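Subject: Structure handover

Hello,

The structure is below, followed by notes on what was found in it. Please keep it open while reading.

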Amino acid sequence: MTASAPAATMPTLFIPHGGGPCFFMDWSSMGGPADTWDKTGTWLRNLLSTLPEKPKGIVVISGHWEEPAFTASTAPRPEMIFDYYGFPAHTYQLSYPAPGAPALAERVVSLLEGAGLPAATDATRGFDHGVFVPFLLVDPEASIPVVPLSLKQDLDPAEHLAAGRALAPLRDEGILIVGSGMSYHNMRGFRTAAAVRPSAIFDAWLSQTVASDPDARRQALAQWSSAPAARESHPREEHLLPLMIAAGAGEDSPGSKPFSDHVMMADISAFRFG
């Protein structure tokens with residue numbers, strides 16, 4: 001029997017997951033241009049083609065799940081969690097039937113615990129919209145197993161960077177690590193002039209930081225709240241912290257910004273490590 005070829009080393013990613021079920025509705029009903037999310041949607045649809053090979057599994061850290069410890073879902077068939085409100089009725093019928101991966105979830109927990117970090121499993125957690133909304137575009141055939149992973153609810157950036165570093169070995173096992181959030185997430189700022197300048201300033205800082213030397217990158221991200229326009233862009237940081245796990249898992253890989261858009265009067269970006 002011929003041994004299987006070793007998996008290619010995967011990059012790690014931070015992706016914008018959009019606003020609610022934005023890719024699956026006429027956004028003009030929300031008061032914006034119908035094509036508001038088209039550019040982001042197109043980028044997500046092409047994402048798998050930018051990888052060295054099809055992932056064997058995906059670990060997704062969503063800005064919509066927080067627990068006392070880093071928690072991985074062991075659900076074999078994750079259900080939909082419709083954690084958005086006030087959208088058209090058909091968007092509550094969306095379905096993403098990607099399988100879970102209990103063994104991968106247990107491996108995630110083992111790596112985190114091995115690094116001295118608190119970790120747990122959840123046998124029932126499904127896909128919140130930070131998972132199923134973008135991945136309906138990324139892998140519409142739902143052919144790649146997905147493990148949701150929570151943030152730790154104290155939102156300590158250094159600890160989330162450490163969690164990413166603990167998960168880095170997965171990259172050499174064909175596992176794609178994805179932070180799903182938003183690089184700008186001030187709900188009061190969106191669609192107002194108050195978003196324009198802060199989002200541009202913070203996006204420029206993030207872009208420079210991600211592309212910097214890995215040691216400097218880690219130090220800067222750990223102190224992200226002191227960056228220009230940081231708190232104007234993230235009054236609460238749950239949508240930014242998935243970036244820390246992606247960056248930590250990126251270790252010493254070069255960082256880049258493969259995508260940027262201007263939506264609802266704010267700059268939003270994706271970032272890649274490796």
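Two rings of Phe, Tyr or Trp, the last taken by its six-membered ring, count as a pair if their centres lie within 6.5 Å. Note that this is a predicted model.

Aromatic pairs

The structure holds 16 aromatic pairs. One of them is formed by Phe23 and Trp37, with 6.1 Å from centre to centre and 80° between the planes, which makes the pair edge-to-face. Both Phe23 and Trp37 sit in the loop between β1 and α1 (38-45), so their pair ties together parts that are 14 residues apart in sequence. Phe23 and Trp37 are both buried. Ring pairs also link a cluster whose members are Phe23, Phe24, Trp27, Trp37, Phe82, Tyr84, Phe87, Tyr92 and Phe132.

Ala7

Ala7 belongs to the segment before β1 (12-16). Its relative accessibility is 19%, and buried means under 20%, so Ala7 counts as buried. Setting aside residues up to four places away in sequence, Ala7 touches Glu53, Lys56, Asp172, Glu173 and Gly174. Between the C-alpha atoms of Ala7 and Arg45, which are 38 residues apart along the chain, the separation is 23 Å.

Glu159

Glu159 is part of helix α4, residues 157-167. Is Glu159 buried or exposed? With a relative accessible area of 15%, Glu159 is buried. Apart from neighbours within four places in sequence, Glu159 is in contact with Phe70, Leu117, Pro118, Lys152 and Asp154.

Regards

Key:
Residues are numbered from 1 along each chain as its sequence is written. This is a predicted model: local features need pLDDT of at least 70, side-chain atom pairs count only at pLDDT 80 or more; totals for chains, interfaces and linings use all residues. Side-chain values use heavy atoms; hydrogens and water are left out. Helices (H or I, at least four residues) and strands (E, at least two) are DSSP runs, numbered from the N terminus. Buried means under 20% relative accessible area, exposed over 50%, partly exposed in between (1.4 Å probe, protein chains only). Contact means heavy atoms within 4.5 Å. Rings of Phe, Tyr and Trp (its six-membered ring) pair if their centres lie within 6.5 Å; planes under 30 degrees apart count as stacked, over 60 as edge-to-face and the rest as tilted.
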